[in-house]
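The sequence and the structure come just below.

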Amino acid sequence: MSNINDICTVLKKYKSFALFTHVNADGDAIGSVLALGSSLILKGKKVLFNVPEPVPLKFDFLKGYGLINKNLDTLNQMEVGILLDAAGTNRIEVLEKNLELFNITINIDHHISNGHFATYNLVDGNAPSTTVLILRILEKCGFPIDEDIANDLFTGLLTDTGSFHYVNTNKFAFNSASKMLDYGAKPDFVSDMIFERETVGHLKMLGIALSRLIIENGIVYSFITLKDFEETGAVGEDTERIIDVLRRTGETKIALLFKETRKSEVRVSLRGKKGINVSEIAEHFGGGGHRAAAGCTIKSTVEKSIKRLIEYIKENYENGK
Ligand SMILES: [Mn+2]
């Protein structure tokens, strides 16, 4: 663990920064990149915003969204590489083999499975989102936080806590939210933009997933196939947050959504309730995440993936471990 002061020293000393986050970027990933990057720009620094494609459209209301993935050909001219909200470099293709592209790297994250792979690492598993850590850094460094940056920060906190529903909704979350509002964040605007602009593709996929829902001994699961994508015209982004509807029954301990992403490849989203740590399950299958929300990818068919995961869970979590 590095001292936050060391990170401030680097942010103040150097002039150019390349920011990175993980594939399937969520609100916290994009919010972190935009908040830190925008503040650095206000300090006169050069910043590249690197977010793996496809960049989710629903965050297009955030100022700075248009700067994402611009001028990436100058990546190797940047002095410092900063990784945000990513437990490892394996979820950032451009860095997987090229972390040494930068003399100095900084890693800011709240995943308990984080590998502390950078020169400076600020990893806090108690942080409800990476954006609360960005807030802490910006305040500590005395860097500017305007209304747009406050909205970036709030977007990460709102989405990673499931609108202040999840187990990570601690005092730290509310204290940080309160500060973000002081800096000008607009919760009603951000919530409206994120939750009240659903696509038809999302609603159709949600209907399909709900119609296939199976519940056995507190384990709730459903699946979505490539054929469903074809028939509804939905895209990957349309299936986000379906898992958060699946988990809603009172008896749910573990919820899973199996999503066929290509032939013989299934992305599994997991949610834990009643204290069950689903990141353990995801890690067993080569993935990772948080206690209450995790994911993994299985190289197999939907049917076999379901069988493998459900059997493993039944064997290991029978008594609500
Ligand atoms: Mn996060």
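The expected span of a helix is 1.5 Å times one less than its number of residues. By that rule helix α2, which has 16 residues, is expected to span 22 Å, and the distance from its first C-alpha to its last is 22 Å. The model is a predicted one.

**Overall form**

The protein chain holds twelve helices and eleven strands. Its C-alpha trace spans about 55 × 40 × 40 Å along the principal axes. For 321 residues, a compact globule would have a radius of gyration near 20 Å, and the 19 Å of the protein chain agrees with this. Buried residues account for 45% of the 321 residues. Among contacts between residues at least 6 apart in sequence, 68% join residues at least 24 apart.

Helix α2 is mostly covered, with 14 of its 16 residues buried. Just after α2, G44 takes a positive phi of about 85 degrees.

Helix α4 (residues 130-141) has twelve residues, which should span 16 Å at 1.5 Å a residue; the end C-alpha atoms are 17 Å apart, which agrees. The buried residues in α4 are T130, T131, V132, L133, I134, L135, I137 and L138. Just after α4, G142 also has a positive phi, of about 70 degrees.

**Helix α8**

Helix α8 (residues 200-211) also has twelve residues and reaches 17 Å from its first C-alpha to its last, close to the 16 Å expected. Which residues of α8 are buried? They are H202, M205 and A209. These residues cover an arc of only 70 degrees around the axis, which puts them on the same side of α8. The exposed residues V200, G207, L210 and S211 are on the face turned away from that buried side. The buried residues of α8 pack against β7 (219-224), α9 (226-232), α10 (242-246) and β8 (254-262).

**Nonpolar cores**

The largest nonpolar core has 57 residues, of which L19, V33, I82, L84, I134, L153 and F154 touch the most other members. Helix α2 (residues 27-42) gives the most to this core, with seven residues. Leaving aside neighbours within four places in sequence, I134 is in contact with S32, A35, L36, I108 and L153. Another core lies apart from the largest one and has 32 residues, among them I243, V268, C296 and I313.

**Strands β1 and β2**

Strand β1 (residues 16-21) pairs with β2 in the parallel sense over five bridges. Within this pairing, F20 has N50 of β2 as its bridge partner. Four of the five residues of β2 (residues 46-50) are buried, so this strand is largely enclosed by the rest of the structure.

Strands of a sheet pair through backbone hydrogen bonds, either parallel or antiparallel. An open sheet of six strands runs in the order β6-β7-β8-β9-β11-β10, with mixed pairing. Its edge strands are β6 (214-216) and β10 (288-289), each of which pairs on one side only.

| Strands | Sense | Bridges |
|---|---|---|
| β7 and β8 | parallel | six bridges |
| β8 and β9 | antiparallel | eight bridges |
| β9 and β11 | antiparallel | six bridges |

Particular residues mark how these strands line up. Y221 stands opposite L256 in β8. K259 faces R267 in β9, and V268 stands opposite C296 in β11. V268 and C296 are also members of the core of 32 residues.

Strands β8 and β9 form a hairpin with two residues between the strands, and in this hairpin S264 takes a positive phi near 60 degrees. How many of the eight residues of β9 (residues 265-272) are buried? Seven of them are buried, and the strand is mostly covered.

**Links between the parts**

Two of the sheet strands, β7 and β8, are among the elements that the buried residues of α8 pack against. These two strands pair with each other in the parallel sense. On the helical side, I134 is one of the buried residues of α4, and I134 is also among the residues that touch the most other members of the largest core.

Key:
Residues numbered from 1 in each chain as written. Predicted model: local features only at pLDDT ≥ 70, side-chain atom pairs only at ≥ 80, totals over all residues. Buried ≥ 20, exposed ≤ 12 C-beta atoms within 10 Å, placed from the backbone. Arc of directions from axis to C-beta. Contact = placed C-beta atoms within 7 Å. Core = buried A, V, L, I, M, F, W, Y, C linked by C-beta atoms within 7 Å. Rg over C-alpha atoms; globule rule 2.2 N^0.38 Å. Pairing = 2+ DSSP bridges.
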